[in-house]
Amino acid sequence: MPKHTALRVMTATAATAGVLSLGLAGPAAHASTPLDYVALGDSYSAGSGVLPVDLSNLLCLRSTANYPHVIAARTGARLNDVTCGAAQTKDFTEAQYPGVPPQTDALKADTDLVTLTIGGNDNNTFINAVTACGSAGLLTGGKGSPCKDKHGSTFTDRIDTGTYPALKAALREVRAKAPGARVAALGYPWITPATADPSCFVKLPLAAGDIPYLRDIQAHLNAAVKRAAEETGAVYVDFSAVSEGHDACADRGTRWIEPLLFSDSLVPVHPNALGERRMAEHTMAVLGLD
């Protein structure tokens, strides 16, 4: 069965049964016509910092080697990539910049596939947490948990009260604009390891006790993405297992995320080219597109 046909059949089945199946056509199937694929999301979707840069809109810091482009190249999908660095959930329905329309404007009734990574910029969760904890870690020379001690549950509380309902509303808008599409909401690959590694301080200047604190914030955000996806009929793509050991503290050639200092990218604490490829591959595996 062609992949685009299988996708539409399963979406219709899910609407009737209330259950969204995880499988698409098997690896041996070949689409007779390309999937209509729309990529939404923030800098993790856009591949900000990864070369080559998409010159069609420099405001969005979008790469032509981001995970949507990898998926499209490997599946033959017809891609409309409207991902944009610094995007928040509100930018799905509002113009992020002059000349940059709401992302969901790209969706159509006949869109087959939608992928997105979004939520990390709401309430400036990532940037505020990394900046605050990095500054605190430098002041203590990597000792203790100064960021956790100061901020406590502030970041996770904002995820619960602000980010989660915004994610759910954004995914509902996606479903309304593209009712027949398979929607994949990606989690964020690990930025930090599970426990502190003293050798990492030069790359991620975080206090030892704040490494698990930041990881818990990220896990909380991913859980909010997962919950919103499940409640709106989207597929959640979980990176918690496959990205283990590929965080910003890992060596070059192993890490998927670039560190804050001595980064190989102009946009640190973001996926590198390897990370974008691995995000694409895991997403395809979850969707049965590999």
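Glycine 85 is located in the loop that runs between β2 (78-81) and β3 (113-117), where helices (H or I, at least four residues) and strands (E, at least two) are DSSP runs numbered from the N terminus. The model is a predicted one, in which local features need pLDDT of at least 70, side-chain atom pairs count only at pLDDT 80 or more, and totals for chains, interfaces and linings use all residues. Residues are numbered from 1 along each chain as its sequence is written, and side-chain values use heavy atoms, with hydrogens and water left out.

**Surroundings of glycine 85**

- Glycine 85 has a relative accessible area of 8% and is therefore buried; buried means under 20% relative accessible area, exposed over 50%, and partly exposed in between (1.4 Å probe, protein chains only).
- Leaving aside residues up to four places away in sequence, glycine 85 touches Asp42, Ser43, Ala46, Ser48, Cys60, Gln96 and Tyr97, contact being defined as heavy atoms within 4.5 Å.
- Between the C-alpha atoms of glycine 85 and asparagine 121 the separation is 9.5 Å, and these two residues are 36 residues apart along the chain.

**Disulfides**

- A disulfide is a covalent bond between the sulfur atoms of two cysteines.
- With a disulfide taken as a pair of cysteine sulfur atoms within 2.5 Å, the count comes to 3 disulfides.
- When bonded cysteines are counted along the chain, the disulfides follow the pattern 1-2, 3-4, 5-6.
- Cysteine 60 is bonded to cysteine 84, with the sulfur atoms 2.0 Å apart. The link of cysteine 60 and cysteine 84 is left-handed, at -85 degrees about the S-S bond. Because cysteine 60 lies in the loop between α2 and α3 (67-75) and cysteine 84 in the loop between β2 and β3, the pair ties together parts that are 24 residues apart in sequence. Both cysteine 60 and cysteine 84 are buried.
- Cysteine 133 is joined to cysteine 147 by a disulfide with an S to S distance of 2.1 Å. The torsion about the S-S bond of cysteine 133 and cysteine 147 is about -70 degrees, so this disulfide is left-handed. Cysteine 133 belongs to helix α4 (residues 125-139) and cysteine 147 to helix α5 (residues 146-151), so the pair ties together parts 14 residues apart in sequence. Cysteine 133 counts as buried at 0% relative accessibility, and cysteine 147 counts as buried at 1%.
- Cysteine 200 is joined to cysteine 249, S to S 1.8 Å. The link of cysteine 200 and cysteine 249 is left-handed, with -75 degrees about the S-S bond. This pair links distant parts of the chain, 49 residues apart: cysteine 200 is in the loop between β4 and α7, and cysteine 249 in the loop between β5 and α8. Both cysteine 200 and cysteine 249 are buried.

**Salt bridges**

- A search of the whole structure finds 14 salt bridges, each a side-chain nitrogen of Lys or Arg within 4 Å of a carboxyl oxygen of Asp or Glu.
- Arginine 78 and aspartate 36 meet in a salt bridge through their side chains, at 2.4 Å from N to O. The pair links distant parts of the chain, with arginine 78 in strand β2 and aspartate 36 in strand β1 (residues 36-41), 42 residues apart. Arginine 78 is partly exposed at 46% relative accessible area, whereas aspartate 36 counts as buried at 18%.
- Arginine 252 forms a salt bridge with aspartate 264, the closest N and O atoms being 2.7 Å apart. Arginine 252 and aspartate 264 are both in the loop between β5 (235-237) and α8 (273-287), 12 residues apart. Arginine 252 counts as exposed, at 56% relative accessibility.
- A network of salt bridges links Arg252, Arg255, Glu258 and Asp264.
- Arginine 278 pairs with glutamate 281 in a salt bridge whose closest N and O atoms are 3.0 Å apart. Both residues lie in helix α8, 3 residues apart, about one turn of the helix.

**Aromatic rings**

- Rings of Phe, Tyr and Trp (its six-membered ring) pair if their centres lie within 6.5 Å; planes under 30 degrees apart count as stacked, over 60 as edge-to-face and the rest as tilted. By this rule the count comes to 1 aromatic pair.
- Tyrosine 44 and tyrosine 188 form an edge-to-face pair, 5.1 Å centre to centre with 75 degrees between the planes. The pair links distant parts of the chain, 144 residues apart: tyrosine 44 is in helix α2 (residues 43-46), and tyrosine 188 in the loop between β4 (182-186) and α7 (210-231).
- Arginine 215 lies over the face of tryptophan 190, at 3.7 Å from the ring centre; a charge sits over a ring if NZ of Lys or CZ of Arg is within 6 Å of the ring centre and within 35 degrees of the ring normal.
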